[in-house]
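I opened the notebook to look up charged side-chain pairs. The entries follow the structure.

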Amino acid sequence: MPNYKDIENKIHFLDSDEYESLLPAGCIKITDDEALAILNPQPTIEQTKADMVLEMQAHADAAIISGVTDEALGSVHHYPTTRDDQLNLNGLITASLLPGSGDEFKFWCANADGLWARRVHTKAQIQTVGKTVANHVKTIQERYEQRLDAISKADSGTIGSVIW
């Protein structure tokens, strides 16, 4: 089946060359491979990189809010790390550093049985949790920066090797 493309790069298919006169002006005959390339264009390296950056950002965001485990309370507890949880934790840490702020700070965490509760933490314990969360976020952000650097340096031959 003959393939043709017009001046706007649109594809036209004919059952036979004898209908060529029905094509728009300026059409030229092309191969099946050329027609497939027009119908299924491959993304440019720039588009591939842009898509990968968006994907890496989504991975980083999901990893940051996935939570952390810490033994500040003497046994393993899981702490939430959504943006709101990080803000609340930062507020508790700040309060723990201020004179007259008291000695008990309640923050959400799940014990080994998965039971969530606002548990009392001492100043030192809440600060330890804060350090764990800060290190968690820092580690993920550093990994994200490394991947962004790898994406920016990649070419069409190496772009497939960049993974989260």
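I took a salt bridge to be a side-chain nitrogen of Lys or Arg within 4 Å of a carboxyl oxygen of Asp or Glu. The model is predicted, so I noted its rules: local features need pLDDT of at least 70, side-chain atom pairs count only at pLDDT 80 or more, and totals for chains, interfaces and linings use all residues. Residues are numbered from 1 along each chain as its sequence is written, and side-chain values use heavy atoms, with hydrogens and water left out.

I searched the whole structure and got four salt bridges.

Entry: Glu 8 and Lys 10. Their side chains form a salt bridge at 3.2 Å, N to O. I checked accessibility next (buried is under 20% relative accessible area, exposed over 50%, partly exposed in between; 1.4 Å probe, protein chains only). Glu 8 is exposed at 56%. Lys 10 is partly exposed at 46%.

Entry: Asp 17 and Lys 29. I found this salt bridge at 3.2 Å, N to O. Asp 17 sits in the loop between β2 (11–13) and β3 (28–30), and Lys 29 is in strand β3, so the pair ties together parts twelve residues apart in sequence. Strands (E, at least two residues) and helices (H or I, at least four) are DSSP runs, numbered from the N terminus. Asp 17 is partly exposed at 36%.

Entry: Lys 153 and Asp 149. Their salt bridge spans 3.0 Å, N to O. Both belong to helix α4 (residues 123–153), four residues apart, which means about one helical turn between them. I logged Lys 153 as exposed at 62%. Asp 149 is partly exposed at 36%.
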